[in-house]
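Subject: Structure handover

Hello,

Here is the structure I promised to pass on. Please open it first, then read the notes below alongside it.

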Amino acid sequence: MAPTRDVAIVSFAQSDHRRAASDTNEVEMIQPVIHGALDKIGAKIADIGFTCSGSSDYLAGQAFSFVMTLDAVGAFPPIMESHVEMDGAWALYEAWLKIQAGHADTALVYGYSKASPGDLPRVLSRQLDPYYYGPLWPDSVALAGLQARAMLDAGLITEAEMAGIAHRSREAARGNPHAQIKGSAPIDQLLAEDYLSDPLRVHDVPPITDGGAAIVLAAGDRAREWVDRPAWIRGIDHRIDSHNLGARDLTAAPSAKLAGEKAGIGAGAVDVAELHAPFTHQEKILTTALGLGGSTVINPSGGPLAANPVMGAGLIRLGEVANRIMDGEANRGVAHATSGHLLQQNLVAVLEGDA
Amino acid sequence: MADEKSGGTPLLEASLVIEYPFNRTTGPVIGAFLTGLREQRVLGIRGVDGRVVCPPTEYDPQTGDPLTELVEVGSEGTVTSWSWVSNPRDGQPLDHPHALALIKLDGADTAMLHVVDGEVATGDRVRIRWADEREGLITDIAAFERIA
Amino acid sequence: MPPADTDTDRTVSEMPDGLWSMPQPTVPAPIADVAEPIQRIRVPASMHYRYTPGTAPTRFLLGLAEKKILGERDPVNGDVYVPPRGMSPVVGLPTTEQVELSDHGSLAAFCVVHIGFGVNAPPTPFVSALVLLDGAATSVYGTLLEIPIEEVRIGMRVEAVWVDDAELTTSFENIRYWRPLDEPDVPAATLQGHM
């Protein structure tokens with residue numbers, strides 16, 4: 001099915017990300033974000049044709065939590081809605097499909113989590129193969145460390161480069177009022193720290209974050225009614241690699257490369273890219289896979305190293321690129337989201353403003 | 001159980017344990033591999049291009065084709081990557097600091113994820129330390145050890 | 001042909017022609033000959049959380065510790081929701097006004113449970129109930145005791161049975177169960193739409 005409708009991001013809102021939103025439940029945490037995205041363009045739920053969210057019950061330890069979160073939307077009389085047990089970026093993909101299929105002209109998408117109640121690196125082990133990996137309860141940081149080690153062994157990155165990515169990202173986050181971590185110690189100080197999980201140091205890993213984001217999508221003229229300069233989704237695609245970590249070349253992300261090609265990255269200049277690389281070494285894997293470099297600004301928001309609300313961080317990358325296009329700061333951008341450990345599954349979107 | 005205060009309203013907190021008993025069927029391929037572990041033997045499976053996948057999967061990781069030829073591989077191998085677990089968590093195979101590692105057993109062309117009890121580097125030779133009591137789980141391999 | 005499932009009395013039959021089935025793998029000799037091949041594994045998963053209920057549920061729980069049932073009011077249509085989650089499910093806006101509700105209500109729905117579940121389930125059969133408290137728009141869940149099951153009917157009046165004052169905590173378990181009130185039934189039609 002070739003996409004025929006022009007669909008754009010017309011609004012984006014996110015929470016002020018923090019380590020633990022212990023005073024709010026998920027409903028209270030995400031409601032201001034959802035209504036923030038609607039209020040920005042003067043939209044109401046009645047204007048929304050389809051609602052889709054991304055979240056995971058395992059994070060807060062609450063079954064059917066996403067059903068309760070619909071209280072934040074105001075879902076009565078009943079609305080057409082769906083949910084993915086994945087990052088909100090994939091909820092956006094489903095909403096985009098819904099609009100392409102002609103079942104809606106507008107969509108509300110949100111992604112969020114409260115990971116603070118649990119032990120996130122342990123909880124994330126439940127994503128792994130249940131026979132061969134799950135019973136070992138490998139934590140997400142040590143797993144990422146395997147990939148970083150492979151990069152280091154292959155001479156594809158150095159610890160200094162990793163620290164450089166951490167430093168650049170968190171310094172850039174000073175300009176992001178929503179970021180959890182703003183600012184970084186100098187690189188030599190970062191490198192002097194002990195390892196958290198050799199070869200990863202604390203600065204190489206993302207923070208644990210409670211938070212979320214919401215986006216409004218609209219098709220064609222509807223988008224132009226809401227904003228002067230919609231961020232058009234020119235291409236969007238997602239692919240997945242094997243979950244057999246031992247059968248993969250961990251220094252590459254073929255699914256990201258393929259998704260980028262199918263989304264059409266190469267069709268023009270890329271002013272800005274927001275990459276969902278929770279670990280420093282993964283940014284290098286992605287810039288290589290997506291063919292980014294040169295004058296492209298990478299993660300001006302600070303990226304997931306500055307705020308990483310699981311299930312929301314990928315959606316935020318789409319929103320951050322969209323904002324910069326809607327503001328006129330950029331004309332064409334790439335947003336990437338990942339799912340699973342070690343960049344197993346990747347979504348790439350190419351966004352562009354009107355010429 | 002009131003905890004810290006937030007703007008005057010005490011924060012409540014309750015301990016919550018989510019437990020699942022999970023009783024999973026294995027199918028004939030994974031079942032054969034786990035049977036092998038109980039017998040202190042390791043099986044891999046031959047992929048479409050002849051390379052041996054270990055632990056075995058029912059399908060080729062590249063092409064997705066169904067695979068059927070299980071073959072025995074060695075119980076010694078080479079570390080292809082590692083990271084250090086400084087603070088082990090519940091359920092992990094060892095309760096003291098250890099390495100998480102990818103190990104390519106002799107005769108296999110893909111790596112197994114497991115732990116090495118002790119410091120290790122890429123390229124090191126390691127061997128399986130079998131659990132005293134084995135029941136057909138990946139943890140029948142208690143850990144790997146460096147071969148001095 | 002796969003072996004019969006010996007854990008239950010189910011049999012496993014061959015699949016009809018035309019359906020794809022997994023080819024049987026060839027297993028090397030020493031393992032193929034093993035008497036009890038592995039066919040299933042027990043892999044329990046246990047995760048610990050420090051659950052935080054959020055602002056509105058916290059207010060509700062603090063009220064329960066004082067033997068009060070506090071609902072919260074919809075900012076647009078005035079309906080009172082209990083237990084409150086902090087947002088009106090109709091408009092998605094915060095509920096901020098607390099309303100103390102009576103612990104008397106009407107039975108909006110019920111079900112007779114014959115299969116107990118969980119360690120805390122009452123002896124079966126028991127009546128699982130949705131009670132619409134006076135003044136509320138949504139019902140609370142509980143169990144209904146002190147009445148023969150065949151006499152339970154929608155619209156009957158009920159009241160909460162609380163734990164002793166010394167046992168009150170920040171928990172909905174302060175309400176042990178519900179029991180009949182000696183008052184005339186309310187018409188079932190008035191309870192529609194309030195589950």
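Two residues are in contact here if their C-beta atoms, placed from the backbone, lie within 7 Å. Keep that cut-off in mind for the interfaces. Note also that this is a predicted model.

**Chain B with chain C**

On that basis, the contact takes 37 residues from chain B and 31 residues from chain C. Which helix of chain B gives the most to the side that touches chain C? It is H1(B), with eight residues. Several elements of chain B supply at least two residues each: strand E2 (9–12), strand E3 (14–20), strand E4 (23–25), helix H1 (27–38) and E7. By class, this side of chain B has 18 nonpolar, ten polar and nine charged residues.

E4(B) is joined to strand E1 (residues 40–42) of chain C by three bridges, and the two run antiparallel. B:Thr25 has C:Arg40 as its bridge partner in E1(C).

**Chain A with chain B**

Here 31 residues of chain A are in contact with 34 residues of chain B. Helix H6 (residues 140–153) of chain A brings the largest share of the chain A side, seven residues. That side divides into 17 nonpolar, seven polar and seven charged residues.

**The sheet in chain A**

Chain A has an open sheet of ten strands with mixed pairing. The order is E3-E2-E4-E5-E1-E6-E10-E9-E7-E8. Which strands stand at the edges? They are strand E3 (81–84) and strand E8 (297–298) of chain A. Each has a single partner strand, so one side of each is left without a neighbour in the sheet.

Helix H10 (residues 254–263) of chain A packs on this sheet. H10(A) touches strand E6 (231–240), strand E9 (332–339) and strand E10 (345–352) of chain A. The direction of H10(A) makes about 25° with that of E10(A).

Now some of the pairings:

- Strand E2 (residues 50–54) and strand E4 (residues 106–114) of chain A run parallel, joined by five bridges. A:Ser53 stands opposite A:Tyr110 in E4(A).
- E4(A) and E5(A) pair in the antiparallel sense, over nine bridges. A:Gly111 is opposite A:Ala213 in E5(A).
- Strand E1 (residues 7–14) of chain A pairs with E5(A) over seven bridges, in the antiparallel sense. The bridge partner of A:Val7 in E5(A) is A:Ala219.

How many residues of strand E5 (residues 210–219) of chain A are buried? Ten of its ten are, and the strand is described as mostly covered. Both faces of E5(A) are covered. On one side, A:Asp210, A:Gly212, A:Ala214, A:Val216 and A:Ala218 are all buried. On the other, A:Gly211, A:Ala213, A:Ile215, A:Leu217 and A:Ala219 are too.

Helix H11 (residues 280–290) of chain A takes part in two helix pairs worth a look.

One is with H10(A). The axes of H10(A) and H11(A) come within 8 Å and cross at roughly 40°. That angle makes H10(A) oblique to H11(A). The crossing of H10(A) and H11(A) is right-handed. A:Ala256, A:Lys257 and A:Gly260 in H10(A) meet A:Leu286, A:Ala289 and A:Leu290 in H11(A). Four of the residues in this contact are nonpolar, one is polar and one is charged.

The other is with helix H7 (residues 159–172) of chain A. The axes of H7(A) and H11(A) come within 8 Å and cross at roughly 95°. H7(A) is therefore roughly perpendicular to H11(A). H7(A) contributes A:Glu161, A:Met162, A:Ile165 and A:Ala166, while H11(A) contributes A:Thr280, A:His281, A:Glu283 and A:Lys284. This contact has three nonpolar, two polar and three charged residues.

**Inside chain B**

Strand E5 (residues 42–46) of chain B is mostly covered, with four of its five residues buried. E5(B) and strand E7 (residues 70–73) of chain B run antiparallel and are joined by four bridges. B:Gly44 has B:Val71 as its bridge partner in E7(B). Two bridges join E5(B) to strand E6 (residues 52–53) of chain B, again antiparallel. There, B:Arg46 is partnered by B:Val52 in E6(B). The hairpin of E5(B) and E6(B) has five residues between the strands, and B:Gly50 in the hairpin takes a positive phi near 90°.

Best wishes

How values were computed: Residues are numbered from 1 along each chain as its sequence is written. Chains are lettered from A and ligands numbered from 1 in the order in which they are written. This is a predicted model: local features need pLDDT of at least 70, side-chain atom pairs count only at pLDDT 80 or more; totals for chains, interfaces and linings use all residues. Ala, Val, Leu, Ile, Met, Phe, Trp, Tyr, Cys and Pro count as nonpolar, Asp, Glu, Lys and Arg as charged, and the others, Gly among them, as polar. Two strands pair if DSSP finds at least two bridges between them. Axes are lines fitted to C-alpha atoms, for helices over the stretch in contact, and angles run from 0 to 180 degrees between N-to-C directions. A residue is buried if 20 or more other C-beta atoms lie within 10 Å of its own, exposed if 12 or fewer, and partly exposed in between; C-beta atoms are placed from the backbone. Angles under 35 degrees count as roughly parallel, over 145 as roughly antiparallel, 65 to 115 as roughly perpendicular and the rest as oblique. A crossing is left-handed if the near helix is turned anticlockwise from the far one by less than a right angle, and right-handed if clockwise.
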